[in-house]
Amino acid sequence: MKLSGSTILITGGTSGIGLELAIQLYKRQNTVLITGRDPHKLQEVQRQFPDMHTYQSDVSDPAAIVSLYQRVTHDFPDLNVLVNNAGEMRMLSLQGQHGLQDIGHEIAINLLGPVRMVEQFLPFLTTKRQAAIINMSSGLAFVPLASAPIYCATKAAIHSYTQSLRIQLHGTPVKVFELAPPPTSTPLMDNFGSDALNNQSSGVMNVDKMVRVALRGLEKDTEEIRPGVSNVLKVMSRLAPTLMLRQMNRPVARELAKIPTLPFLTEHAHT
Ligand SMILES: NC(=O)c1ccc[n+]([C@@H]2O[C@H](COP(=O)([O-])OP(=O)(O)OC[C@H]3O[C@@H](n4cnc5c(N)ncnc54)[C@H](OP(=O)(O)O)[C@@H]3O)[C@@H](O)[C@H]2O)c1
């Protein structure tokens with residue numbers, strides 16, 4: 001994929017990986033548009049990078065996606081790249097205490113968000129000579145971390161969805177990429193604060209480096225880009241799936257065992 005001269009829309013571009021992608025792509029002579037929910041964060045990006053274009057929009061809201069589409073395609077008819085980056089990650093214990101609305105929060109953002117963005121933007125993208133969709137999954141798409149169960153399920157689903165999308169769009173001008181970041185130093189990671197992830201700290205990548213590796217992958221047309229430990233997770237999840245799942249979740253089992261309302265997990269953690 002050519003990484004200059006494009007018009008690129010990045011969801012969740014006010015922070016972390018999305019912001020770093022926006023900066024590095026902007027430096028490579030692309031027109032960069034970013035979205036986010038928080039108007040203060042959007043204003044701050046606009047202040048620091050006056051040539052970037054900001055749109056307030058929530059990917060979990062279908063009406064907001066329609067409105068974003070109308071504004072963006074009106075303002076930037078040359079739009080040819082969509083980066084589905086916006087995402088949230090929560091630690092959740094699955095004890096039936098969250099309520100039916102809240103339990104689906106990450107599904108609405110991390111899974112339905114990209115699926116709906118593609119549904120809305122794809123007919124427009126297929127009219128371009130060269131176009132691309134880049135979906136953000138995670139190393140946790142390959143091996144789940146049980147303390148973030150809904151998040152990991154959304155990322156595994158995005159991995160699967162992206163494979164299908166790529167096959168369906170074969171032979172069209174729209175290339176489909178998956179970026180599966182490893183643990184990367186961003187506000188999402190800071191907020192997570194789990195022993196389980198911190199114990200994997202040797203695999204934590206600096207956001208600037210992670211994005212540089214990702215852009216190299218895109219330049220080489222690598223369909224599934226797995227920087228750092230994400231590649232290890234994918235390979236090991238195929239070679240030794242049970243061992244990998246157990247290894248990854250050893251600290252999680254100890255954390256969960258501290259919750260007194262889950263006696264069966266307490267038992268499990270001591271085995
Ligand atoms: N950091 C990691 O270790 C890691 C590893 C693997 C994959 N990833 C994935 O990489 C992506 C970016 O993560 P990050 O670490 O950069 O997170 P981050 O620093 O927390 O940034 C998330 C961005 O998404 C936006 N966002 C969140 N919910 C949104 C919504 N409903 N609609 C529109 N924008 C929304 C946020 O802005 P507002 O809050 O203002 O909306 C922010 O700009 C996510 O998909 C994440 O799952 C991250």
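**Close-up views of a predicted model**

**View 1. The start of helix H8.** A side-chain oxygen of Asn 206 comes to within 2.8 Å of the backbone nitrogen of Asp 208 at the start of H8. A polar contact is a pair of N or O atoms within 3.5 Å; within protein, one must be able to donate a hydrogen and the other to accept it, and residues adjacent in sequence count only if both atoms are side-chain atoms. Helices (H or I, at least four residues) and strands (E, at least two) are DSSP runs, numbered from the N terminus. The model is predicted: local features need pLDDT of at least 70, side-chain atom pairs count only at pLDDT 80 or more, and totals for chains, interfaces and linings use all residues. Residues are numbered from 1 along each chain as its sequence is written, and side-chain values use heavy atoms, with hydrogens and water left out.

**View 2. The length and buried residues of H8.** Helix H8 comprises 13 residues (207-219), which at 1.5 Å a residue should span 18 Å, in agreement with the 18 Å between its end C-alpha atoms; the expected span is 1.5 Å times one less than the number of residues. Among the buried residues of H8 are Val 207, Met 210, Val 211 and Leu 218. Buried means under 20% relative accessible area, exposed over 50%, and partly exposed in between (1.4 Å probe, protein chains only). The cover over the buried residues of H8 includes helix H1 (16-27) and the strands S5 (131-136), S6 (174-179) and S7 (224-225).

**View 3. Two residues with positive phi.** Most residues other than glycine have a negative phi. Asp 221, in the loop between H8 and S7, has a positive phi of about 60° although it is not a glycine. Asp 221 is partly exposed, with a relative accessible area of 33%. Gln 29, in the loop between H1 and S2, also has a positive phi, near 65°. Gln 29 is exposed, at 62% relative accessible area.

**View 4. The largest pocket.** The volume of the largest pocket is about 1000 Å³. Of its 46 lining residues, Gly 87, Glu 88, Met 89, Thr 186 and Leu 188 are the closest to its centre. On a 1 Å grid over the protein atoms alone, a pocket is an open set of points where a 1.4 Å probe fits, with protein on both sides within 12 Å along at least five of seven lines; lining residues have an atom within 4 Å of a point. Helix H6 gives the most to this lining, with five residues.

How values were computed:
Contact = heavy atoms within 4.5 Å. Points joined across faces, edges and corners; volume = space filled by probe spheres on them.
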